[in-house]
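Here is a quick briefing to read with the model open beside you. Take the topics in any order you like.

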Amino acid sequence: TLSPFHCAVSPYMYFLHVSYLSKNLIIVEDGSKDFGIGSEIISNLYESSITIDFVMRIGAKPYPIPSVSSLESSILPNINQICSQYLNEQKKRNNK
């Protein structure tokens with residue numbers, strides 16, 4: 001079952017579909033994860049009393065993002081890094 005969740009992060013409006021079958025949330029940002037839209041999404045979910053069992057934010061490495069695409073791709077998260085970080089986090093959770 002999917003339920004729409006409406007959020008406003010001025011000046012943007014976005015909609016999330018929260019699955020009540022799976023309460024896992026992974027937010028991947030094309031930029032720094034600190035002070036980003038992912039933080040706003042999580043705080044809006046919390047303020048709306050929506051329970052999420054697992055939240056993970058993935059973002060760029062903590063360096064300025066270069067404008068040269070070859071260097072930019074070394075800073076921004078890619079699919080391999082996303083999968084690796086997720087699997088490492090799941091291993092940590094399973095070992096608890």
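Buried here means under 20% relative accessible area, exposed means over 50%, and partly exposed is whatever falls in between (1.4 Å probe, protein chains only). You're looking at a predicted model, where local features need pLDDT of at least 70, side-chain atom pairs count only at pLDDT 80 or more, and totals for chains, interfaces and linings use all residues. Residues are numbered from 1 along each chain as its sequence is written, and side-chain values use heavy atoms, with hydrogens and water left out.

**Overall layout**

- The chain has 3 helices and 4 strands; helices (H or I, at least four residues) and strands (E, at least two) are DSSP runs, numbered from the N terminus.
- Going along the sequence, the pattern reads β-β-β-α-β-α-α.
- The chain has 96 residues, and 27% of them count as buried.
- Take the contacts (heavy atoms within 4.5 Å) between residues at least 6 apart in sequence: 54% of them join residues at least 24 apart.

- α1 spans residues 37–47, and its buried residues are G38, I41, N44 and L45.
- Turn to the face pointing away from the buried side and you'll find the exposed residues Y46 and E47.
- After α1 comes S49, with a positive phi near 60 degrees.

- L25 belongs to strand β3 (residues 24–28) and is buried, at a relative accessible area of 19%.
- Leaving out residues up to four places away in sequence, L25 touches I42, L45, I52, F54, V55 and M56.
- In soluble globular proteins, nonpolar side chains tend to be buried together.

**The largest pocket**

- What volume does the largest pocket have? It comes out at about 240 Å³, where a volume is the space filled by probe spheres set on grid points, joined across faces, edges and corners.
- A pocket is an open set of points on a 1 Å grid over the protein atoms alone, where a 1.4 Å probe fits, with protein on both sides within 12 Å along at least five of seven lines; lining residues have an atom within 4 Å of a point.
- The lining is made of S32, K33, D34, R57, I58, G59, A60, K61, P62, P77, Q81 and Q85.
- β4 (54–58) and α3 (79–94) each supply at least two of the lining residues.

**Loop residues to look at**

- G59 is in the loop between β4 and α2, and it's buried, with a relative accessible area of 18%.
- Not counting residues up to four places away in sequence, G59 touches E29, G31, K33 and P77.
- G59 and K33 are 26 residues apart in sequence, but 4.6 Å apart in space, C-alpha to C-alpha.
- N78 sits in the loop between α2 (69–75) and α3 and counts as partly exposed, at 32% relative accessibility.
- N78 and V28 are 50 residues apart in sequence and 9.5 Å apart in space, C-alpha to C-alpha.
- F35, in the loop between β3 and α1, is exposed, with a relative accessible area of 84%.
- F35 has a positive phi, near 60 degrees, and isn't a glycine. Most residues other than glycine have a negative phi.
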